[in-house]
Amino acid sequence: MPLHVLVLFLFLVTTISLTPPPTLSLSTSPPPPPRRSLPLVAPIRKDNTTLRYTLSVYLKTPPQRLDLLLHLGGRFFWVDCYRNYYSSSTYRHIHCNSSVCYPFDAVGCGYCSGPPPSPTCSNDSCLYSPENPLILKVGLEDALVDALGLPSTDGSSAGRVEVVPNFLFSCARPDLLAEFPNGTSGLAALGFSNASLPVQVAKARSLPRCFALCLSGSRSAAGVTFVGTVGPYNFLPGIDLSKNLSYTPILLNPHGDTFVVYAPKPAAEYYVNVTAIKVNGKAVPLNATLLAIDQKSGHGGTLISTLVPYTTVQTSIYGAVARAFAREASTAFNLTATQPVKPFGLCYSARHMNVTRAGPAVPAIDLVMHGQDAVWRLFGANSMVRIQRNGTDAWCLGLVDGGAEFRAAILIGGHQMEDNLLQFDLGKMRLGFSSSVLVPGTTCANFNFTTGNHA
């Protein structure tokens with residue numbers, strides 16, 4: 001097993017190209033017009049055991065499909081290079097004096113005393129600290145570049161696989177995959193970072209620094225992420241979800257929740273400014289100071305995460321919302337609470353619940369953003385969770401009490417994001433959100449992944 005010796009070094013401010021210069025052409029005929037770079041797409045699948053999400057990409061030459069844990073707030077992409085030995089004809093190490101080391105979150109320079117150079121062993125190579133965000137375990141590994149492949153899209157269907165050369169990522173050891181969905185081989189980072197997947201793809205293909213997520217509520221059908229486009233996002237039967245988005249600013253937390261600190265850079269996670277919560281149109285009394293990010297501690301605020309299955313909130317907020325929901329469910333919907341089922345604290349018998357296109361007929365929960373016109377509405381499909389086990393058949397309010405010292409005031413989890421389209425426009429630093437796409441008559445599983453021929 002190769003041994004890395006970490007040495008501190010001063011990153012040189014140089015500009016070193018990762019691609020060879022173009023060759024000169026002696027032809028006098030006019031060059032053909034450049035082919036337009038299309039946005040890219042990738043399927044997102046829900047793991048039935050962990051209730052987390054995986055993103056499928058192609059990496060290496062020849063290309064190999066990899067399923068990776070989707071981490072919305074991840075800084076950089078990492079892959080297990082040890083378990084099946086990383087083999088590719090196009091990978092390269094990044095030298096320590098390369099201009100992409102420091103800006104792309106490298107933490108040091110490595111020297112290897114092991115066998116001849118390999119993906120996991122090279123002298124004068126940038127080192128990364130890949131991290132498992134579920135257990136806060138980190139490693140120290142080589143940074144590589146290689147060919148990334150994703151299908152192109154015209155917004156309506158998937159096209160041929162396009163190659164993004166010199167895609168930067170970190171190797172990692174197999175023990176960093178603990179608690180990941182079975183069959184995954186790394187982490188797909190979509191966070192606010194120069195090294196995240198959407199930012200690298202946008203720069204390489206001269207596309208907008210924008211991506212969108214549509215997580216499927218089905219455990220058997222894939223959702224989708226769009227990379228490098230503000231729209232259209234067309235879903236069967238011909239609904240463009242980019243047309244009816246509401247917008248709110250994306251906020252960044254100066255203090256991250258990672259084991260490795262990248263100061264003075266902010267955390268790579270995405271926050272939004274929830275200023276109030278309403279249940280059935282009625283404001284819930286809350287401690288407003290909790291809803292803002294504390295700039296000294298990083299606590300508070302509203303975080304969006306694909307790592308947590310259900311929205312988790314600070315204790316006082318949970319109690320206020322649960323009480324308001326129970327009151328409105330009783331008076332406006334004639335529902336009576338039954339025995340709760342862990343981890344939830346408020347449940348109702350499924351036998352007495354009416355179900356609509358947007359899920360169980362229950363009071364809507366509104367997350368009011370920076371203005372009264374920017375409201376993310378949670379209908380029953382997103383606010384309630386069906387529990388069927390040990391003779392129990394119930395619908396439970398899909399909020400979890402995170403405790404009095406929970407880091408974020410509100411952490412919006414995967415279930416509440418399903419069948420909602422979220423657009424992260426990093427150029428304008430704003431979040432576009434659709435609320436439930438079930439209402440206009442589609443789902444996040446209705447993107448056409450049948451390969452088309454996009455010119």
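Setting aside residues up to four places away in sequence, Gly403 touches Val313, Gln314 and Thr315, where contact means heavy atoms within 4.5 Å. This is a predicted model, in which local features need pLDDT of at least 70 and side-chain atom pairs count only at pLDDT 80 or more, while totals for chains, interfaces and linings use all residues. Residues are numbered from 1 along each chain as its sequence is written, and side-chain values use heavy atoms, with hydrogens and water left out.

**Gly403**
- Gly403 lies in the loop between β32 (399-401) and β33 (410-412), strands being DSSP runs of E with at least two residues and helices runs of H or I with at least four, numbered from the N terminus.
- With a relative accessible area of 22%, Gly403 is partly exposed, a class between buried (under 20%) and exposed (over 50%), for a 1.4 Å probe and protein chains only.

**Thr229**
- Thr229 is placed in the loop between β15 (223-227) and β16 (234-235), and counts as buried at 7% relative accessibility.
- Leaving aside neighbours within four places in sequence, Thr229 is in contact with Pro39, Pro208 and Cys210.
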